[in-house]
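This report walks through one protein model.

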Amino acid sequence: MSSPPSASSEQDRAFVAEALQGNEAAYQALMDKYRPALRRHIARIVRDPRDLDDLVQETFIKAFTALSTYSTEYAFSTWLYKIATNHAIDYLRRKKLRTLSLDEPIQTKEGTLERELADTTYFPDRHIVEDQRRTLLQEAINALPEKYRRVIVMRHQQEKSYEEIAEELNLPLGTVKAHIFRARRLLYKYLRSKRSSL
């Protein structure tokens, strides 16, 4: 016999139900509730404080775009941590791959070998959903005002650092950070409006 859900879990389920109805304050309440714990959780995986806030924010965006797939059979926190874990691992994998030269052969005693990397990104049972999410996110990015779209593309698609963006755009570092923060808020609002209209 399973134990009854805690008051915290019941509150989470109520917030999720309201968020799915388009209540932005309900999803904001979930973000406020879980941000500190999620930050600690991701920090244990990534161990690099520079991108921690980005990873937390991106996890919340991913969770929001997938909110309709959440099953109340499980604790919301468990579901959210799973998304955070996967996102942090993807981040580490991308970072590791960027440090490898795919064209550079490997030297062994027997001679030279070409690199062959296994495709660890292909999951046939989820590629359709991932494609839909990517399309929706790209639509959201395209809908941003130019000054916000530019920094989001540079940060998340070109993977530039805040400092590189500031230098390239000749903007103060604080302005770049503010633009990226504002862009993420606009992305969240856009995704929320698209979900509530589905």
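## Overall fold

How many helices and strands are there in the protein? The protein has 8 helices and 2 strands. The model is a predicted one. Along the sequence, the elements follow the pattern α-α-α-α-β-β-α-α-α-α.

## Helix α1 against helix α2

Two packed helices are described by the angle between their axes and the distance between the axes. Helix α1 covers residues 7-20. It packs against α2 at an angle of about 140°, and the axes are 7 Å apart. Angles over 145 degrees would count as roughly antiparallel. α1 and α2 are therefore oblique to each other.

Which residues of α1 meet α2? On the α1 side they are Ser 8, Gln 11, Asp 12, Phe 15, Val 16, Glu 18 and Ala 19. On the α2 side they are Ala 26, Tyr 27, Ala 29, Leu 30, Lys 33 and Tyr 34. By class, the contact of α1 with α2 holds 8 nonpolar, 2 polar and 3 charged residues.

## Helix α2 against helix α3

Helix α2 spans residues 24-46, and helix α3 spans residues 52-65. The angle between them is about 130°, with the axes 9 Å apart. That angle makes α2 oblique to α3. The crossing of α2 past α3 is right-handed.

From α2, the contact draws on Tyr 27, Leu 30, Met 31, Tyr 34, Arg 35, Leu 38, Arg 39, Ile 42, Ala 43 and Val 46. From α3, it draws on Leu 52, Asp 53, Leu 55, Val 56, Gln 57, Thr 59, Phe 60, Ala 63 and Phe 64. How do the residues of the contact of α2 with α3 divide, and how many are charged? There are 14 nonpolar, 2 polar and 3 charged residues. Tyr 27, Leu 30 and Tyr 34 of α2 are among the residues listed for the contact with α3, and they are also among those that meet α1.

His 41 lies in helix α2. Is His 41 buried or exposed? Its relative accessibility is 16%, so His 41 counts as buried. Leaving out residues up to four places away in sequence, His 41 touches Tyr 81, Ala 84 and Thr 85. With Thr 85 there is also a polar contact: the side chains of His 41 and Thr 85 are joined at 2.8 Å.

Thr 65 belongs to helix α3. Thr 65 counts as buried because its relative accessibility is 12%.

## Helix α6 against helix α7

Helix α6 runs over residues 146-157. Its axis comes within 10 Å of the α7 axis, and the two cross at roughly 135°. That makes α6 oblique to α7. The crossing of α6 and α7 is right-handed.

Arg 150, Val 151, Met 154 and Arg 155 make the contact from α6. Tyr 162, Ile 165, Glu 168 and Leu 169 make it from α7. The residues of the contact of α6 with α7 divide into 5 nonpolar, no polar and 3 charged.

Leu 169 sits in helix α7, which covers residues 162-169. Which residues is Leu 169 in contact with, leaving aside its neighbours within four places in sequence? They are Arg 150, Val 151 and Met 154. Leu 169 and Arg 150 are 19 residues apart in sequence. Their C-alpha atoms are 9.4 Å apart in space.

Asn 170 is in the loop between α7 and α8, and α8 covers residues 173-197. What is phi of Asn 170 near? The value is near 55°, which is positive in a residue other than glycine. At 68% relative accessibility, Asn 170 counts as exposed.

Methods. Residues numbered from 1 in each chain as written. Predicted model: local features only at pLDDT ≥ 70, side-chain atom pairs only at ≥ 80, totals over all residues. Heavy atoms only, no water. Axes fitted to C-alpha atoms, helices over the stretch in contact; angles between N-to-C directions. Helix = DSSP H or I, 4+ residues; strand = E, 2+ residues; numbered from the N terminus. Parallel < 35°, antiparallel > 145°, perpendicular 65-115°, else oblique. Left-handed = near helix turned anticlockwise from the far one by under 90°. Contact = heavy atoms within 4.5 Å. Nonpolar A, V, L, I, M, F, W, Y, C, P; charged D, E, K, R; others polar. Buried < 20%, exposed > 50% of the residue type's maximum accessible area, 1.4 Å probe, protein only. Polar contact = N/O pair within 3.5 Å; in protein donor to acceptor, adjacent residues only side chain to side chain.
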